[in-house]
Amino acid sequence: MAGKTAADPKAPATGDHLEIKDSRTGKVYTIPITDETIRTADLRQIKAKPDDFGIMGYDPAFMNTASCRSAITYIDGDNGILRYRGYPIEQLAEKSNFLEVAWLLRHGELPDQKQYDQWQQDITYHTYVHENIKHFMEGFRYDAHPMAMMTAGVAALSSFYPSSKAVFDEHERDIAFIRLLAKMPTLAAFAYRHVKGMPYVYPDNALPYAENFLSMIARMSEPKYEAHPVYARAIDILFILHADHEQNCSTSAVRAVGSSQVDPYSAVAAGVAALYGPLHGGANEAVLRMLEEIGDVKNIPAFIAGVKDGKGSRLMGFGHRVYKSYDPRAKIVKSLCDDVLRVAGLSKDMEIALELERIALSDDYFVSRKLYPNVDFYTGLIYRAMHFPTDYFTVLFAIARTAGWLAQWEEMLLDKEQKIARPRQIYTGHGERPYQAKVDLGHKIKK
Ligand code: CMC
């Protein structure tokens, strides 16, 4: 927070600060530094003329702007560290489960036994959706993209729970967390079955979260579906790994939309829409397409040469805006992929992926640019081995990220410093000019 002293350009500097000299006026301003950050609002005092708006920060794509203070997820990209509420992702993937992680993300602490049992029971008993939601999903074309169905389905839930508009009522938020986490797998499974032309399967509330999801995906005429335990655990771990990733595109969308105080279903629908984009949730799909294009281990050297000379495509699943070492999630996913392929059988894609990784990690082009496998390099292989269609991968991501979106949404709502998200702009258009029609608009009444 800018203190009185620091905001006054004539006052002596105290604490860590920047001194900024305005070449237009010769004035020197003292801007406090807190958490290695300055407040761009402190720049507004810098004016050439008294009626100027004041200096703004220009930061397209928020490359260097913190939009919030958050205590949820910590990432150290240089050292390959990811923690939820302080717990290393490796330990959570090994010892926790998705529902416990969803609780942790929201509440900041692991649940005790009573809290966990209640949480699990609540989520298990809210898995059903209103029959009209089922009919709504049935209304989509046979070839609808499942992410389009998800975006619309989550937004439609808003109309079934109008009381969720009371976003500052803690009870309403509690029930919204439970409903959204419980119903996302049901919506996702309905979208899957719709595209396949198969009858929708209702939730089986006797099953744990991942097993119930797989039952809704795969059950046919059998009275009870039992997922392979390796597949069920793989899904649960992938949900943990994708549960949150601090202020990424979809989370920022949820926070921005939620800052208008709209209900959480509408805010999460915005997150699903953002995730749908190929630059965000779609990279694992691109990895599989690349592996198909390579086709055989013997074609790898030519493919790598194309990547390096810029004539071919990028090596998909490599590199990350934040991680400049091995993405910690990629390590976990790689060993998970081994487990799944032991059950499903080694695929040609996996052979190509392993060889690609081996070559890239020893090639100076990739090493010098700090390009390491990211989480998406192996997730697509797991989903394919489990027979999920390629355009369904992002749906699995959306189920998991719902936990993070909701935790971030609530943190934003309860943060006293937050207001409706409303960036500034640098206007580059025309100055004022008189209106002169170029077409006849057919106005009946003419003055
Ligand atoms: N293959 C080949 N070269 C690459 C790659 C790649 N995958 N990624 C970056 N480079 C090169 C790039 O050409 C540039 O080289 P030079 O300095 O010679 O011009 C240098 O590395 C820096 O690249 P950049 O584009 O400035 O890096 P960025 O931080 O803007 O991009 C990225 C990050 C993820 C968009 C990029 O690495 C990429 O396109 N990767 C492939 C797509 C992919 O796997 N995306 C999934 C990301 S993980 C998703 C998630 O966490 O949600």
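At what angle do the axes of helix H12 and helix H17 cross? Roughly 80 degrees. Keep in mind that this is a predicted model.

Let me place the two helices. H12 covers residues 283-294, and H17 covers residues 376-385. Their axes come within 8 Å. Angles of 65 to 115 degrees count as roughly perpendicular, so H12 is roughly perpendicular to H17.

Now the contact. From H12, the residues are Ala 283, Asn 284, Val 287, Leu 288, Met 290, Leu 291 and Glu 292. They meet Asp 376, Phe 377, Thr 379, Gly 380, Leu 381, Tyr 383 and Arg 384 in H17. By class, this contact has eight nonpolar, three polar and three charged residues.

On to the ligand. How many residues surround the ligand? There are 17. The closest are Arg 314, Leu 315, Gly 317, Phe 318 and His 320. Sorted by class, the shell has seven nonpolar, four polar and six charged residues.

Next, the polar pairs. Gly 317 uses a polar backbone atom, 2.8 Å from an oxygen atom of the ligand. His 320 places a polar side-chain atom 2.8 Å from a ligand oxygen atom. For Arg 329, a polar side-chain atom lies 3.2 Å from an oxygen atom of the ligand.

Last, the cover. On its own, the ligand has 940 Å² of accessible area. The protein covers 67% of that.

Methods: Residues are numbered from 1 along each chain as its sequence is written. This is a predicted model: local features need pLDDT of at least 70, side-chain atom pairs count only at pLDDT 80 or more; totals for chains, interfaces and linings use all residues. Side-chain values use heavy atoms; hydrogens and water are left out. A residue is near a molecule or strand if one of its heavy atoms lies within 4 Å of it. A polar contact is a pair of N or O atoms within 3.5 Å; within protein, one must be able to donate a hydrogen and the other to accept it, and residues adjacent in sequence count only if both atoms are side-chain atoms. Accessible areas come from the Shrake-Rupley method with a 1.4 Å probe; for residues, only the protein chains shown count as cover. Ala, Val, Leu, Ile, Met, Phe, Trp, Tyr, Cys and Pro count as nonpolar, Asp, Glu, Lys and Arg as charged, and the others, Gly among them, as polar. Axes are lines fitted to C-alpha atoms, for helices over the stretch in contact, and angles run from 0 to 180 degrees between N-to-C directions. Helices (H or I, at least four residues) and strands (E, at least two) are DSSP runs, numbered from the N terminus. Angles under 35 degrees count as roughly parallel, over 145 as roughly antiparallel, 65 to 115 as roughly perpendicular and the rest as oblique. Contact means heavy atoms within 4.5 Å.
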